[in-house]
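This briefing concerns the contacts made by selected side chains in one protein chain. Please look at the sequence and the model below before reading the points that follow.

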Amino acid sequence: YENWKTTRLPDSISLELISIPWLDVNQKTRYTSLTTGNTEEYIIKKINLNLVGTMTIEKIKFYPLYPFII
């Protein structure tokens, strides 16, 4: 388990979008890729706000502890 946990590379994405005031870190969100059409769940790890009215969000992929339980 420890080897699996340390070798699993977390997928991360960075998005630049308009300012959304109710977003906060450690929130789980969904993202649909425009190129593949796949919808994945991500956790917000970092938010940078700009004075122009845009924001940059860094997210890492959410891996459930027990993926086989629905």
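Glu41 touches Lys28, Thr29, Arg30, Lys61 and Phe62, where residues up to four places away in sequence are not counted and touching, or contact, means heavy atoms within 4.5 Å. The model is a predicted one, in which local features need pLDDT of at least 70 and side-chain atom pairs count only at pLDDT 80 or more, while totals for chains, interfaces and linings use all residues. Residues are numbered from 1 along each chain as its sequence is written, and side-chain values use heavy atoms, with hydrogens and water left out.

- Glu41 belongs to strand E3, which covers residues 39–49; strands (E, at least two residues) are DSSP runs, numbered from the N terminus.
- With a relative accessible area of 25%, Glu41 is partly exposed; buried means under 20%, exposed over 50%, and partly exposed in between (1.4 Å probe, protein chains only).
- Between Glu41 and Lys61 there are 6.1 Å in space, C-alpha to C-alpha, although the two are 20 residues apart in sequence.

**Salt bridges**

- The structure holds four salt bridges, each being a side-chain nitrogen of Lys or Arg within 4 Å of a carboxyl oxygen of Asp or Glu.
- One of them joins the side chains of Lys28 and Glu41 (3.7 Å, N to O). Because Lys28 lies in strand E2 and Glu41 in strand E3, this pair ties together parts that are 13 residues apart in sequence.
- Glu41 also forms a salt bridge with Arg30, with 3.5 Å between the closest N and O atoms. Arg30 lies in strand E2 and Glu41 in strand E3, so the pair ties together parts that are 11 residues apart in sequence.
- Arg30 is exposed, at a relative accessible area of 64%.
- Lys61 and Glu40 meet through their side chains in a salt bridge (3.4 Å, N to O). This pair links distant parts of the chain, with Lys61 in strand E4 and Glu40 in strand E3, 21 residues apart.
- Glu40 counts as partly exposed, at 28% relative accessibility.
- A network of salt bridges links Asp11, Glu40 and Lys61.

**Aromatic rings**

- The structure holds one aromatic pair, a term for rings of Phe, Tyr and Trp (its six-membered ring) whose centres lie within 6.5 Å; planes under 30 degrees apart count as stacked, over 60 as edge-to-face and the rest as tilted.
- Tyr31 and Tyr42 form this pair, which is edge-to-face, with 6.4 Å from centre to centre and 75 degrees between the planes. Tyr31 is in strand E2 and Tyr42 in strand E3, 11 residues apart, and the pair links distant parts of the chain.
- Tyr31 is partly exposed at 27% relative accessibility, whereas Tyr42 is buried at 8%.
- The charged end of Lys28 sits over the ring of Phe62, 4.5 Å from its centre; this requires NZ of Lys or CZ of Arg within 6 Å of the ring centre and within 35 degrees of the ring normal.

- Lys59 is located in strand E4 (residues 54–61).
- Lys59 is buried yet has no salt bridge, and the nearest side chain of opposite charge, Glu41, is 11 Å away; Lys and Arg count as positive and Asp and Glu as negative, while His and the chain ends are not counted.
- The side chain of Lys59 makes a polar contact with that of Thr29 (2.8 Å). A polar contact is a pair of N or O atoms within 3.5 Å; within protein, one must be able to donate a hydrogen and the other to accept it, and residues adjacent in sequence count only if both atoms are side-chain atoms.
- Ser33, in the loop between strands E2 (28–32) and E3, is buried with a relative accessible area of 19%. The side chain of Ser33 makes a polar contact with the side chain of Thr36 (3.4 Å).

Terms used: Helix = DSSP H or I, 4+ residues; strand = E, 2+ residues; numbered from the N terminus.
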